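Please consult the sequence and the model shown here.

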Amino acid sequence: MSTMFETRYQKLNKAQKQAVDTIEGPLLVVAGPGSGKTEILSLRVAQILKETQVLPSNILCLTFTDSAAVNMRDRLSRLIGQEAYRVAIHTFHSFATESIQKYPEFFYKGAIFTPADPISQISILEEIFEGLSYDNPLRSVHPDQGFVYLSDVARIISHLKKAGVNPDEFDRLLEENESDINTVTELIGPLMEKTVSAKVVEDLGIAQKSLAEKASFKDAHSDIHARTGFPSLLHAVAISLEEALIRAADICKNEPVSKWKEKWFKKDDGGRKVFKDALSLDKSKAVSSI
């Protein structure tokens, strides 16, 4: 363990090393996504085991997602080998479930609860889909494959759960998205009907500045985006368009803007160029009810 530990430890900055070396008492690390929190936690567990008499089975690590828990276990196993599988690494949900199963007498009068497996989840969703009205945009059925949008809905629900977004918040986000779609359509829609030329690129530059201003104002005043951590659609479009315009200017070609156009816009049934998210808005709203 010592060689691998030292190699990874030396890659940390001063504050990260302090976090790893602090093995007694409470410690709070405040850091953004991708800044090395999982690595710090892995090394801190290894440091505790190296410097103290604590057993691996007496350490508990909690995280938010299954993928983060798997990542944590993988990093730790490369540091301490098989002992990593004695450390309790859980999501909050799996830890709670295991606690209920281990000590059932303390929960719900001994009733046994287990998370729904994938087959049960599909069965529950199929029952809900069967109850949808025939004009519901998600009610589409393939004769051999069943409900066309069922797997998409299951994936979206999983994403929303991992992000901690409840149905009411999802409704609010969709309302904000609809407003953003209208803004983008008003500012950029007419330009998308034209072939990308130097003049169109110039006009898009003006429109992008207006989008960026509106996005900044919205992000500063929208409580739902602050609460959920989701940036506004307006913000995403403004940033994406800015990057395309910068690339086009760098290479003196319109190709990056043409690719941006293909990414965000497509023809509707009437042959008009429309913002892609507008075409799926009705389905997204239907997901909320499910």
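The model is predicted: local features need pLDDT of at least 70, side-chain atom pairs count only at pLDDT 80 or more, and totals for chains, interfaces and linings use all residues. Residues are numbered from 1 along each chain as its sequence is written, and side-chain values use heavy atoms, with hydrogens and water left out.

**Salt bridges**

Side chains of opposite charge can pair when their charged atoms come close. The structure holds twelve salt bridges, a salt bridge being a side-chain nitrogen of Lys or Arg within 4 Å of a carboxyl oxygen of Asp or Glu. Three of them are listed here.

| Pair | N to O distance |
|---|---|
| Glu39 and Arg8 | 2.9 Å |
| Arg155 and Asp152 | 3.2 Å |
| Lys285 and Glu178 | 3.0 Å |

The salt bridge between Glu39 and Arg8 links distant parts of the chain, with Glu39 in helix H3 (residues 37-51) and Arg8 in helix H1 (residues 2-9), 31 residues apart. Helices (H or I, at least four residues) and strands (E, at least two) are DSSP runs, numbered from the N terminus. Glu39 is buried at 14% relative accessible area, and Arg8 is buried at 8%. Here, buried means under 20% relative accessible area, exposed over 50%, and partly exposed in between (1.4 Å probe, protein chains only).

Lys285 also forms a salt bridge with Glu178; this pair connects helix H13 (residues 276-289), which holds Lys285, to helix H8 (residues 167-192), which holds Glu178, across 107 residues. Lys285 is partly exposed at 36% relative accessibility, as is Glu178 at 31%.

Arg155 and Asp152 are separated by about one helical turn because they are three residues apart in helix H7 (residues 150-163). Arg155 is partly exposed at 44% relative accessible area, and Asp152 is partly exposed at 27%.

**Nonpolar patch**

Leu60, Leu62, Phe64, Phe92 and Phe95 form a nonpolar surface patch with about 480 Å² of accessible area together. Patch residues have over 30% relative accessible area and no salt bridge, nonpolar side chains (Val, Leu, Ile, Met, Phe, Trp, Tyr) being joined within 5 Å and like charges within 9 Å; accessible areas come from the Shrake-Rupley method with a 1.4 Å probe, and for residues only the protein chains shown count as cover. Strand E1 (60-63) and helix H5 (92-102) each supply at least two residues of the patch. Leu60, in strand E1, is partly exposed at 42% relative accessibility.

**Ala220**

Ala220 lies in helix H9 (residues 198-221) and is exposed at 60% relative accessibility. Its C-alpha atom is separated by 28 Å from that of Val287, 67 residues apart along the chain.
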